[in-house]
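Hi everyone, thanks for coming. Let me put the model up on the screen, and then I'll walk you through a few spots in it.

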Amino acid sequence: MATRRTVLKLGAAAAALAVAYPVGSHLAWSAKSFEAPEGVIPAPASSPGGPVWRNWSGLQSAMPQQIASPASEDELAALIRNTHGSVRPVGAGHSFTALAPTDGVMIDIGRLSGLASHDSQARTVTMGAGTRLEQASRLLDEVGLALPNLPDIAVQTLAGSFATATHGTGRDLPALHEAVLGFRLVTPQGAILDVTADSHPDLFAAGKVSLGALGVITRYTLRVTDAFALRRRVWVDRVENLLDQAETLSREHRNFEFYCLPHTGFAAAIAHDLFDGEPEGRAPSEDEDSLASLRQLRDMFGWSPRLRRWIAGTQIRPGMMEDYTDKSWRLLSTSRVTKFNETEYHLPHENGLAAVREVLAILERHKDAFFPMEVRFVRGDDAWLSPFKSASDISIAVHAANTEDYRYLLSEIGPVFRRYGGRPHWGKLHDMNGGELSALYPRLGDFNALRRELDPEGKFLNPHLATLFGEEADV
């Protein structure tokens, strides 16, 4: 079985060829050629006497009056009830948009975590909303249960994942929030509500994807499955071959996604299918090493896209790179160490692959691009602010290193997604406002009316949410 070391050879080949190409005018070409202009990456925040918060990529920051970590639901309710300024819940900080920042009180519900109860026969569980996805997966595995699907990374909290419509991949699998059967909500007035589709139908439909705008959710009741194992296969092919086969592959596999590798002519495919035997376990991931090699190739030969592609063609060979079996949660998510900023849109299935081709062409006009473009498949649902509305949507994510200029993700790639009918991921970079979003979300007005009813003073608004809802920005 081949391994990802076929991709790792890119770095070695680039280093060897750098010696063979001592081209004078290109010697200044290096990683520094791609550093973001001043002002694109915010200067480090400083606060002489108060806390400083930054998101994972470093793009978003805040200097709130307080970052509170309540130990109980009653403590949380009292905190919200007695706070007269702005309040924002914060999860793991993996959103790239400015959903969390506030100069008031940020609420971290990480202490409200863990498995409260489970019913193996009914396949339902109740968990603290501050539980991280990986922690939830481990706890469920201990009682023979599992989440039906997981996203690419699993460090997010349940609350943050559901609130932003975080998803995995699988043509017949919905986003994570579709597992929600009920939740406990602390309202902006400090009241505590138990919400289900029967007890509060509108609030339930709105609260499954809430953007943290309706209050703070403290626990969820979820529909889960019996624990299961998967077989994971990863292979490389010419990008055009995978684009031609993607529709069929998405139907053939439980979970299917692929990554286009800019300036190489190749793409990597990942498929997961149910496995009934005793899983053997997965070898350590080489994703970070592969990404480092793609970056090294860019840094050394980004000045010549043709040479860069030629080097890739001499080192990458189509074929199987991984074939492992393991528990589902160990395969569906992985670790992401290299930091980046990201935009992601969800498009009607019939438009998705055309958009992939167009976006890839834009990426390859940018000599700095090296991050793989991720393409996934997601089933639609009926949550009011769910971006997944089709029987099957195609989700496309594009990244830039967190120290490099990301603005073209908004100015060049965002318009392509919108032209194809895309809805932005709530936690990924976009520049859409309330007017544009209202045309895409028929229930956005209903959501905002319910939000105003729960929060007439706008306690849970911040400037970013005000833009999304078309509200006054003086919050």
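Leucine 211 counts as buried because its relative accessibility is 3%; buried means under 20% relative accessible area, exposed means over 50%, and partly exposed is in between, with a 1.4 Å probe and protein chains only. You'll find leucine 211 in the loop between helix H5 (201–207) and strand E12 (216–223). Helices here are DSSP runs of H or I with at least four residues, strands are runs of E with at least two, and both are numbered from the N terminus. The phi of leucine 211 is near 60 degrees, a positive value in a residue other than glycine.

A quick word on provenance: this is a predicted model, where local features need pLDDT of at least 70, side-chain atom pairs count only at pLDDT 80 or more, and totals for chains, interfaces and linings use all residues. Residues are numbered from 1 along each chain as its sequence is written, and side-chain values use heavy atoms, leaving out hydrogens and water.

Histidine 263 also has a positive phi, near 65 degrees, and it is not a glycine either. Look for histidine 263 in the loop between strand E15 (255–261) and strand E16 (266–275). With 2% relative accessibility, histidine 263 counts as buried.

One more loop, then. Threonine 83 lies between helix H2 (73–82) and strand E4 (87–90), and at 10% relative accessibility it counts as buried. A polar atom of the threonine 83 side chain lies 2.6 Å from the backbone oxygen of leucine 79. What does threonine 83 contact, leaving aside its neighbours within four places in sequence? Val105 and Lys459, where contact means heavy atoms within 4.5 Å.

Now to helix packing. The axes of helix H6 (residues 239–252) and helix H10 (residues 349–363) come within 10 Å and cross at roughly 170 degrees. Those axes are lines fitted to C-alpha atoms, for helices over the stretch in contact, with angles running from 0 to 180 degrees between N-to-C directions. H6 and H10 are therefore roughly antiparallel to each other, a label used for angles over 145 degrees. On the H6 side the residues are Val239, Glu240, Leu243, Asp244, Ala246 and Glu247, and they meet His349, Leu353, Val356, Arg357 and Leu360 in H10.

Within that pairing, the side chains of aspartate 244 and arginine 357 meet in a salt bridge, 3.1 Å from N to O; the criterion is a side-chain nitrogen of Lys or Arg within 4 Å of a carboxyl oxygen of Asp or Glu. Aspartate 244 is in helix H6 and arginine 357 in helix H10, so the pair ties together parts that are 113 residues apart in sequence. Aspartate 244 counts as exposed at 55% relative accessibility, while arginine 357 is partly exposed at 33%.

How many salt bridges does this rule give? The count comes to 31. One of them joins glutamate 322 to arginine 232, with the closest N and O atoms 2.9 Å apart. Glutamate 322 sits in strand E17 (residues 319–327) and arginine 232 in strand E14 (residues 229–238), 90 residues apart. Both glutamate 322 and arginine 232 are buried.

Last stop: arginine 298 and glutamate 404, whose side chains form a salt bridge at 2.9 Å, N to O. Arginine 298 counts as buried at 0% relative accessibility, and glutamate 404 counts as buried at 4%. Thanks, and I'm happy to go back to any of these.

Note on methods:
A polar contact is a pair of N or O atoms within 3.5 Å; within protein, one must be able to donate a hydrogen and the other to accept it, and residues adjacent in sequence count only if both atoms are side-chain atoms. Angles under 35 degrees count as roughly parallel, over 145 as roughly antiparallel, 65 to 115 as roughly perpendicular and the rest as oblique.
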